[in-house]
Amino acid sequence: MNKVKEKSKTINLNLLNHDKCKSWDYLQDICMTCSICSSSCPVSGVDDFDPRKMVRMVSLGFEDELIQSRWPWICTMCGKCESVCPMGIDIPGIARKVRSLRDRDKVPGILHKGLSMALKTGNNLGLPDEDFIFIIEDVAEEIAEEPGFENFKAPIDKKGANLLTTIHNKLVNTHTEDLKHWWKIFYVAKEDWTVPSKNWEGTSWGLFTGDDNAMKKMAGRVADHMKQLEVKNLLWPE
Amino acid sequence: MERMIDQNVIILGGGITGLTAASELAHLGYHVEIIEKSESIGGHAVRLTCKATEKCVKCGACKVDEKIQIAHSHININIHMGCTLTGIKNGERISVYYRNQQDRKSSSNAEAVIIATGFHPFNPETKPYGYDRFKNVITSLELEKRIKEHNDIKKPSDLTPPEKIAFVQCVGSRDSSLNHLWCSKICCPSSLRMAHLIQTKQPGADISFFYIDFQNCGKDYQQFQTTIHKNFRTIRAIPGDILQTKNNHLEVSFFDPVDHKAKEEIFDLVVLSVGITPNQGNRDLSEKLGINLTEFGFFDTHNQTGMTSKAGIFAAGTACHPMGIEESLSSGIKTAFRVVEYLKNGK
């Protein structure tokens, strides 16, 4: 109890400002504080975070405190809270909105670095094109050595293919084995597929940092591939 | 010998509201016909248990017995059991057509009709509490029935007394995802009084309440509220999930707002305090009668005056909005007097 009391002192009620966050369209004001969100949240209790508290803070206008706080970044945006909320409040949307209001250079390290790298180089790792192509071909060769997959090839930048697939950066980094499952299915299903040689990144961390412009840019790259390669279907597994 | 007035009132539904209206009208000399869907009268109220501990707690559950008695014995009241309404015609009088379970068709004529068709208890299967899968997750109405019929509390899984009981409040009420924005009014009084009763019958029973806020439960609420927090563990959070573990124990996940921790705790019995929802047949009935429902599916009675949009047709009780026994009784009485007013002035 003492711990809780001490913590409540850190909120300065003079900062309570109902006009702040008023324009936010997340229905935060109809929250009944039933706490089913916090009871369902997989990260409730981590660093004292819980979604009900975050919704209440928005409702009471504690915008600056939330922006500075770590809490919105603890949320995994899994959406369970929203699915159980009896009032249908878009709680992950609130978390994302708060994140979007932080200075970009104060976005937590890995997200900020990964996204900046993706915007600059086309993928979160900053992996050069030739290294990417080498890895893709190497994995394809390994598959070709397996019985039943003779002559397997990974088609890069194939114009007019039926299906374009993006790549999660970890699949060309630490999890190359995981590329094989999809590709073997394509082979057996006789799918006419391709993978782009540049801007192949499938993740879009602007989703997590609240950066809509970054998301537009990442999605635009995928759209450009489809236009240039004249591919009608997209497999974007992220 | 009762005074007889040559005017007839048909009451749809023989629950506490319908029976109350019937007894008022019958005493005043009107002839009343009750059309009841099921094979017995008394509605939901007849399945509710007396919740007296050392003294009466004014839960109202006993009131229905008296009304049933009157309905069965009063010369002016005629009950048609097991009958469903098939149609209605507005002529010089209102003609109501119905058929019984053997498909035999009948009709009655009346000067006025009262809709007292009651409510449907919320079915909590869609909530993440395993109601349809775990034996020891029950509704508050099932607990009422158990205590009423057996005068004890047992776990359905093995019929032994539960040591640790959780009540989850507001299940199916105040829920915009279900389009149920109302407080059902009955769940707090019913569950809290049952919890007191359990502690009286089974001293030492460990009872927790997961709640949002406790609603008013009668005149001595203030005193009642202090005992709530003294006698029960009250947790201001609705649980997220319930899972079944070994021996039919129930693991309840919730966020404890006191120490800011997510917790999983084992209970023997979980009681879901289910709310009042509009009867599923309301839409069909409203179309047959040519009257309006509210946006939530209850009968629309012009700001609760008892009058519907059609002259001579009235609605009362939980057919109109959620209410407890006391309020249903007064709704039945008030509506009976509205009907009398209407028959004296209008016809």
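**View 1. Contacts of Ser40(A) in the predicted model.** Apart from neighbours within four places in sequence, Ser40(A) is in contact with Lys80(A), Val84(A) and Gly240(B) (contact: heavy atoms within 4.5 Å). Ser40(A) belongs to helix H2 (residues 36-40) of chain A; helices (H or I, at least four residues) and strands (E, at least two) are DSSP runs, numbered from the N terminus. Ser40(A) is buried, at a relative accessible area of 5% (buried: under 20% relative accessible area; exposed: over 50%; 1.4 Å probe, protein chains only). A polar atom of the Ser40(A) side chain lies 2.7 Å from the backbone oxygen of Ile36(A).

This is a predicted model, in which local features need pLDDT of at least 70 and side-chain atom pairs count only at pLDDT 80 or more, while totals for chains, interfaces and linings use all residues. Residues are numbered from 1 along each chain as its sequence is written, chains are lettered from A in the order in which they are written, and side-chain values use heavy atoms, without hydrogens and water.

**View 2. The two faces of helix H2 (residues 63-73) of chain B.** Val64(B), Lys67(B), Ile68(B), Ile70(B) and Ala71(B) are the buried residues of this helix. They lie on the same side of H2(B) because they cover an arc of only 165° around the axis (the arc of the directions from the helix axis to the C-beta atoms). The buried residues pack against helix H1 (16-27), strand S2 (31-35), strand S3 (77-80) and helix H7 (325-345) of chain B. Exposed Gln69(B), His72(B) and Ser73(B) are on the face turned away from the buried side.

How values were computed: Polar contact = N/O pair within 3.5 Å; in protein donor to acceptor, adjacent residues only side chain to side chain.
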